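Reader: Can you walk me through this protein? Keep it short, please.
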Amino acid sequence: MKKIAFIAALAIAALASCSKSVEDGFKSEIVFQVARHKGVTKADDYKTDYQAVPFGAFAWYKGVNASDNTTFMTNQPVAYDATNNRWAPQGTTYYWPKSGSIDFICYSPYTADGTNAPLPTITEDGISYPAWNVGAHPDVDVMYADKVTGLKNNTTTYYYNGVPTLFHHALAKVSFQIKQSYMSVTSDTGDITSWVITVSDIVLTDILTSGSLNLTLNPDGTWNKPSVWDSTGGTKEDIDLLNSDITLDGSNQGLVSDLMILPQSLTDGQKVTITVTIETYRDLNDGNGPQLVLTETNIPIEGLLSGGSLDHIGINQNVTYTFNITPSLGTQTTEDKDGDGIPDMVPTVVYFDPAVDEWENITVNAGINI
């Protein structure tokens, strides 16, 4: 990773689902059971975090005769049924047909009119999200599911029996933390220089907050998606990450966690500006202890969010930025002594470059009478 005023560390997060069915005599009711994906194969029960979040379902019936093909569900809300511990359509009960099969596409969270969440236009081969302002709705976790095709009955795919519903995040999530790269240095002469950094402001500038997204279906049934949303003509905002002054202590100190943002390219000049006051102390080991020798007040430190190898914040990515503040001019080493994944910095020592200018020879043609 490359260090400017911070280091960007990237982690990928995913989301998934599973299902359950109910058999009643000769009829089989269509139900859903979603789960939250934790890794490549592991999924947790979706209701742990999303029990109060219904999702929307679209479905199409494919008959034995093509002329029988028809729409089966249109933006049908699906909610958690606590009595039966399942996810079932609200207001209507659906049963599996005797012949043919059904295809499904789901999205989350459900919305009837697009006011509380983006209402996508969903067809059999595409999902299109209209312009959505993430900054105005920071708590909405926009998700879309894999298309399920050719289903004839409830099936066990994850943990339960039902329509398998594998959700993916459509937005990105970002967390921020800050660290002082070193607190003190003992020189070869035995004196100790230490620094106290107080941070009074941290602002993200020109963050894209609105855009649209179009997903198309690949021949293999997966979604062909861009890495970022289309933010053409979208809005930009500045985001303040600090509520009150903090004094750095050498550890990773959290600022804002799990901030939902629009997936975006970082080539539009998005940056962070951190305002700091730096106090420099020197201990000469003369029994007087550390003495304040210099105060630098309200110094702005800027860095592009594209620092390191991160040129965009992509769909379904969970990004953690660590702002690594050096209290003096310094150089980056290849060591990581504290094991935090950030290369250590060392301060630049003040040296001198002495030289002596040549004498300027002047001849004075003047007589002095004594």
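Author: Terms come before counts. Helices (H or I, at least four residues) and strands (E, at least two) are DSSP runs, numbered from the N terminus. This is a predicted model, where local features need pLDDT of at least 70, side-chain atom pairs count only at pLDDT 80 or more, and totals for chains, interfaces and linings use all residues. Residues are numbered from 1 along each chain as its sequence is written, and side-chain values use heavy atoms, leaving out hydrogens and water.

Reader: How many helices and strands are there in the protein?

Author: One helix and 31 strands.

Reader: What share of the residues is buried?

Author: 43% of the 370 residues. Buried means under 20% relative accessible area (1.4 Å probe, protein chains only).

Reader: Which residues touch the most other members of the largest nonpolar core?

Author: Ile202, Tyr321 and Phe323, in a core of 31 residues. A nonpolar core is a set of buried Ala, Val, Leu, Ile, Met, Phe, Trp, Tyr and Cys residues joined through side-chain atoms within 4.5 Å.

Reader: Which strand gives the most to this core?

Author: β19, with six residues. Another core, of 24 residues, lies apart from it and includes Ile30 and Cys106.

Reader: New topic. What about contacts?

Author: Contact means heavy atoms within 4.5 Å. Take the contacts with a separation of 6 or more: 69% join residues 24 or more positions apart.

Terms used
Buried < 20%, exposed > 50% of the residue type's maximum accessible area, 1.4 Å probe, protein only.
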